[in-house]
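Please open the structure in your viewer and keep the selection tool at hand. The stops below each name something to select and then describe what is there.

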Amino acid sequence: YSQEYKNFFSAVNQLTITPGDTSAKNQLINNAKSMTDYFNTLATNLRNVQIDANNEIKDTVNQINSLAQSISSLNKQINQIQANYGNANDLKRNALIDDLSKLVNISVSESDIGNNLTDLQITINGNSLVNGYNYHTLQTVSRDEPRNVSDAAGLYDIQWETGQSFNIY
């Protein structure tokens, strides 16, 4: 544990041995102030970690939305090629799906809809992210009330564009 703790408790111990000693009292006061400064620094550092994590959440939600949009667009392009020319290369779409799966747990299904066309579905926790040529977005919403009194202001919750909550767990 930190040197501030050691110094503080050493000063408390010294004051219990010599309660009338003014220098022991002053040493305890100085060590208490040092420990308080240490706690305040820790609190600030933890708040900064929250702010950094909050920014990462927003960036990740933006990445998920961008990938969903790109995948739905590729679904349309792939089906147009399949319908007119035969086999379409879906490697780029598969790479985007792999990228998406690194950000969030997804389920992917593809079904034949006839005429050499397919319908690709991507869901997150049973909610549709990509549905063929359409996609749904997630959004970050700043909390009105912090969950803990020490939370940084404006921490995000995630929800679907419809306002439906998104369970991050």
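This is a predicted model: local features need pLDDT of at least 70, side-chain atom pairs count only at pLDDT 80 or more; totals for chains, interfaces and linings use all residues.

A search of the whole structure finds five aromatic pairs. Select F8 and F9 to see one of them: their ring centres lie 5.2 Å apart and their planes meet at 75 degrees, and because an angle over 60 degrees counts as edge-to-face, that is the name this pair receives. F8 has a relative accessibility of 17%, and since the cut-off for a buried residue is under 20%, F8 counts as buried.

Next, select W160 and F166, which form an aromatic pair that is also edge-to-face, with 5.9 Å from centre to centre and 70 degrees between the planes. Both W160 and F166 are buried. To finish with the rings, select Y5, Y38 and F39, which together form one aromatic cluster.

Now move to helix α3 and select residues 91-103. How far apart are the end C-alpha atoms of this helix? They are 19 Å apart, which agrees with the 18 Å that 13 residues should span at 1.5 Å a residue. Within α3, colour the buried residues, which are R93, L96, I97 and L100. These residues cover an arc of only 100 degrees around the axis, and therefore they sit on the same side of α3.

Is N125 buried or exposed? With a relative accessible area of 54%, N125 is exposed, because the cut-off for that label is over 50%. Its backbone also deserves a look, as the phi of N125 is near 50 degrees, a positive value in a residue other than glycine.

The last stop is the largest pocket, which has a volume of about 300 Å³. It is lined by 18 residues, and those closest to its centre are R143, R147, Y156, D157 and I168, so labelled here for you to select. Finally, show α2 and β6 (156-160), each of which supplies at least two residues of the lining of this pocket.

Note on methods: Residues are numbered from 1 along each chain as its sequence is written. Side-chain values use heavy atoms; hydrogens and water are left out. Helices (H or I, at least four residues) and strands (E, at least two) are DSSP runs, numbered from the N terminus. The expected span of a helix is 1.5 Å times one less than its number of residues. Buried means under 20% relative accessible area, exposed over 50%, partly exposed in between (1.4 Å probe, protein chains only). The arc is that of the directions from the helix axis to the C-beta atoms. Rings of Phe, Tyr and Trp (its six-membered ring) pair if their centres lie within 6.5 Å; planes under 30 degrees apart count as stacked, over 60 as edge-to-face and the rest as tilted. On a 1 Å grid over the protein atoms alone, a cavity is a set of points where a 1.4 Å probe fits but cannot get out, and a pocket is an open set with protein on both sides within 12 Å along at least five of seven lines; lining residues have an atom within 4 Å of a point. Grid points are joined across faces, edges and corners, and a volume is the space filled by probe spheres set on the points.
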